[in-house]
Structures are given as C-alpha cells and as structure tokens.
Amino acid sequence: MARLLLGVSGGVAAYKALETARLAVKRGHAVRVIQTPASTRFVGAASFQALTGAPVLSDEFERDPDRGRYPGEPPAERTPISHLALAERAEVYLIAPASANTIAKLAHGQADNLLTAAALAVTCPLIVAPAMNDRMYAHPATQANLELLRRRGTVVLPPGEGELASHGEHGPGRLPEPERLVASCEALLSRGAGWAGTRVLVTAGGTREPIDAVRYIGNRSSGRMGFALAAEAASRGADVTVVAAAVTVPAPPGVAVVEVQTAAELQRACDRIFEQSDVLLMAAAVADFRPAQPGLGKVKKGDPPLAPGPLELVLTEDVIAGLAARRRPGQVLVAFAAEHGGDAIAEGVCKLERKDVDAVVVNDVSRPEIGFDAADNEVVILSRDGAQRSVSLAGKERVARAVLDEVQRLRALERTDELQRGGERDGAGRERSRAGAGA
Ligand SMILES: Cc1cc2nc3c(=O)[nH]c(=O)nc-3n(C[C@H](O)[C@H](O)[C@H](O)COP(=O)(O)O)c2cc1C
C-alpha cells in the first residue's frame, strides 16, 4: 500500500482516470486526486471523491478538508502550512491524462495551478501519461517538451495507438489502459520496491597491475563509491556481491566480497558472477594498461632498464563491454566514467553508446574535492533514454542513492515497455474498438 497522488488534466481520456483511481484503491493504495480546473469540465470531483474516499483538490487557494491526509491515515491535528502537503507526502505522482497544455507547463516549470505546482514540489517519482489528438502529440513542441521531461528523469509513458475521438482519425495519443497505469506506478513505488531478491554485482576500488614482485601500476581509487553503492543496494533488500580491487576502506556489512588485485582477476570474477546478476554497477577503476611482461622477482637497480621490458604496456580487456556483449534481457548495466577535465558529459555520452550500457555515471576527477579517494562526489547520470540527472556535490552515500534510484527507474521503464508491448500484442483489437480523443 502506498500514497499515490493522481493528477488529472483536461482531455477526453480523463474518464479513464476514474477507473485508474478505482483500480489503485482496489489494490490497496491510498489515493488522493488533484484536478486541473479544465479537467473538471470532463469528469467531476464527486466521482473521484466517491472512489477514493477523500476530498479532491483543484484550487490552490482552497483548504484541504483532510489536511494533507491520505485515506487510511489518522486525522491530522492541524492544518498543514503548505497547500502542497499532499505532494510532499506522495510516494508516486501519476499525471494521467496529461494534456498537451499541462505537459508544456511541466516541461517549463510553470506552477499556475495545484497540479503543476505539485509536480515541482514532489520528491517521489513522477509519471506522465500523455493523451491527446495524434497531431498534437506529434507536434515538435509537444515532443520537445516530453524530451525535456524525460531528460529530467520523469517517466513518460508512451501513449497507445488507436481510434481517436475526432471522427475517423487514428494514430498515437491514446491514454494507456488503467491496469497499465497502476502497474507502472507500482513498478516505481518506494525505494525498496523490487529490490528484494535482486542480485546486484558491484565492482569497487582500483586494480593493481604488477611491474615485478613488489611494484605495481595502480590508481588512487579507494573503493568508497563502490562500497556506498553496495551498502545502498543492500539496505534496499538486494543480494549484493562486491568484487573489490585493492580497496583501502572497510566493506559495508551484509554484502559478499570477492577480493581481486588485477584487471584480469576482476574480469574473471565478474565473468563468473555476472550471469546470475540482475544489476551491474561498475564503479571500480580498472586499469586500461598493464605491464606486458612483469618481472618475476624484484627488479634491481643494476638490472637492465625497465622499458622495454616490465614497463612495456599492453591494453587490458574492456571488462564492461565484454559483459554487455553477453547480457540477457532485463539486466541493467551501469558504467562509471572518471573524466579528467575536457567535456566530461560528451565523453560520457560516447561511453554510453560505445559500451552499450544503460547508464553512465560521469565525474570529473580533475577536481581535487571529488572523485578518487574523496568522501564526496559530484556526478551526472546519463541514461539510455536520454535522461540526464545531475547530483550536486554530496557525500558518496547520497550519490549512491541517486544511482540506485536511476537503476530503479530504468528497471521500471523496462517493465512498462514490456507491459506496453504486451498490450499492443494482445489488446490491439480490443483497444481499437473503444473510441475517444486521446482516450
Ligand atoms: C472536447 C475537448 C477535448 C479535448 N481533449 C484533449 C485531449 O485529449 N488532450 C489534450 O491535450 N487536450 C485536449 N483538449 C484541450 C484541453 O482541454 C485544453 O488544452 C486545456 O487548456 C487543458 O488544460 P489543463 O492542461 O490545465 O487541464 C480538449 C478540449 C476539448 C474542448
């Protein structure tokens, strides 16, 4: 059971929001509804009120008779200071249907009614389900607005294709069926959702490539970022294994640790564990080069010069690209890109494509206060659907939360895509028999 905030904007498909509210309540969720003034011309507050057992808000200047309470919660003692109490406490905010007008406002941060103001105030996942005439949907303005929203991490549910309200028209713009809308919310609900039993493989630390028996080529990675990711995943209920390369900090409790030294050892360990993993978080700094022929004993001062010889370098295997090449459907792969100055984001975008991963976490290690061996980090998370999320300077624990939130969003998207494909396969005929503009 979760606190689900349902935002309804003005379009014919608003009638489907009634069924969505009914279904969500039936599945045990506490639902509160916010309507735009225009949407009340399509469906009335009284119906939502009857279905959810809670007042419906559509005017930011009116008081919430339930004082920000979701159904099933004890009565609030006093009226909340903010008219946004509902938004602050929501665990998922679904805007369905989202009209072209509301999408434009959301994309540009306008807050001229309670629904759009709430979208700026929520900290929970935001799901937007567009529904409109096919030409409105295809218009470059609408597409650009949706792209902006996606980039900010909003989950945009693709509309279904079918008969539209305008007589004889057909195309994309139909609101997904209520079952799909509720399933999408559930896939995104709460941080812990979907993590129990999820097998997460994290790499941490920095590899060391031997020059001889006592010397190595290494890097300054401590393992802090990888361990923060492992701790966060474990706290959400995942089964976590860390392949730890020469880490200098203690491992968090409740995770299995496989210790390695070299890139080759890390690769062998990952090869073994990856098959059974659902999520790979590749935070280790893996050497790109290793000495071609490490000395057997300790190279002495009097020995011949090191290069050519032990210091002649050869490329190591590209571990994550190798794993990505044999991924199975449903696995989520996240790479890390430690860029040194330059256009770190452009490099990250290249890496996203080159390595065929789902997301790349980019940080600029030329800045001494972040990155290697530092307690803090500042990153940008680039995802395959175009989302780009910045995490400003913060402890690595907070960065880890943001990365895991993004993995959860990507997994939910995948689930939504699956539902969408399923719906298109077995529901096409059925859906086409129901008419409605973007309905
Ligand atoms: C009969 C009728 C049907 C409409 N259907 C849609 C629709 O499906 N999608 C849409 O984006 N706008 C639709 N509109 C236009 C919106 O209602 C209009 O843009 C309104 O300003 C939206 O306000 P809101 O976003 O604040 O709810 C429709 C308008 C009318 C009169």
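## Terms and basis of the model

Contact, as the word is used in this report, means that heavy atoms lie within 4.5 Å of each other. Helices (H or I, at least four residues) and strands (E, at least two) are DSSP runs, and they are numbered from the N terminus. The structure is a predicted model, in which local features need pLDDT of at least 70 and side-chain atom pairs count only at pLDDT 80 or more, while totals for chains, interfaces and linings use all residues. Residues are numbered from 1 along each chain as its sequence is written, and side-chain values use heavy atoms, with hydrogens and water left out.

## Helices H4 and H7

Two packed helices are described by the angle between their axes and the distance between the axes. Here an axis is a line fitted to C-alpha atoms, for helices over the stretch in contact, and angles run from 0 to 180 degrees between N-to-C directions. The axes of H4 (residues 100-107) and H7 (residues 140-151) come within 9 Å and cross at roughly 45 degrees. That makes H4 oblique to H7, given that angles under 35 degrees count as roughly parallel, over 145 as roughly antiparallel, 65 to 115 as roughly perpendicular and the rest as oblique.

On the H4 side, Ala100, Ile103, Ala104, Leu106 and Ala107 meet Thr142, Asn145, Leu146, Leu148 and Leu149 of H7. By class, the residues of this contact between H4 and H7 comprise eight nonpolar, two polar and no charged; in this scheme Ala, Val, Leu, Ile, Met, Phe, Trp, Tyr, Cys and Pro count as nonpolar, Asp, Glu, Lys and Arg as charged, and the others, Gly among them, as polar.

## Helix H1 and its partners

Helix H1 (residues 14-26) and helix H8 (residues 178-188) have axes that come within 9 Å and cross at roughly 50 degrees, which makes H1 oblique to H8. Their contact is made by Lys16, Glu19, Thr20, Leu23 and Ala24 of H1 together with Pro178, Glu179, Leu181 and Val182 of H8. These residues of H1 and H8 divide into five nonpolar, one polar and three charged.

With helix H2 (residues 45-52), H1 packs at an angle of about 15 degrees, the axes being 9 Å apart, and that makes H1 roughly parallel to H2. Ala14, Ala17, Leu18, Ala21, Arg22 and Val25 of H1 make this contact with Ser47, Phe48, Leu51 and Thr52 of H2. The contact of H1 with H2 has seven nonpolar, two polar and one charged residues.

## Around the ligand

The ligand is surrounded by 15 residues, of which the closest are Gly10, Thr36, Ser99, Ala100 and Thr102; a residue counts here if one of its heavy atoms lies within 4 Å. An oxygen atom of the ligand is 2.6 Å from an N or O atom in the side chain of Ser99, and an oxygen atom of the ligand is 2.7 Å from a polar backbone atom of Ala100. At Ala131, a backbone N or O atom lies 2.9 Å from a nitrogen atom of the ligand.

## Backbone details

Ala96 and Pro97 are joined by a cis peptide bond, with omega at about -5 degrees, and Pro97 lies in strand E3 (residues 92-98). Arg67, although not a glycine, has a positive phi of about 50 degrees; Arg67 is found in the loop between H2 and helix H3 (85-89).

Terms used:
Polar contact = N/O pair within 3.5 Å; in protein donor to acceptor, adjacent residues only side chain to side chain.
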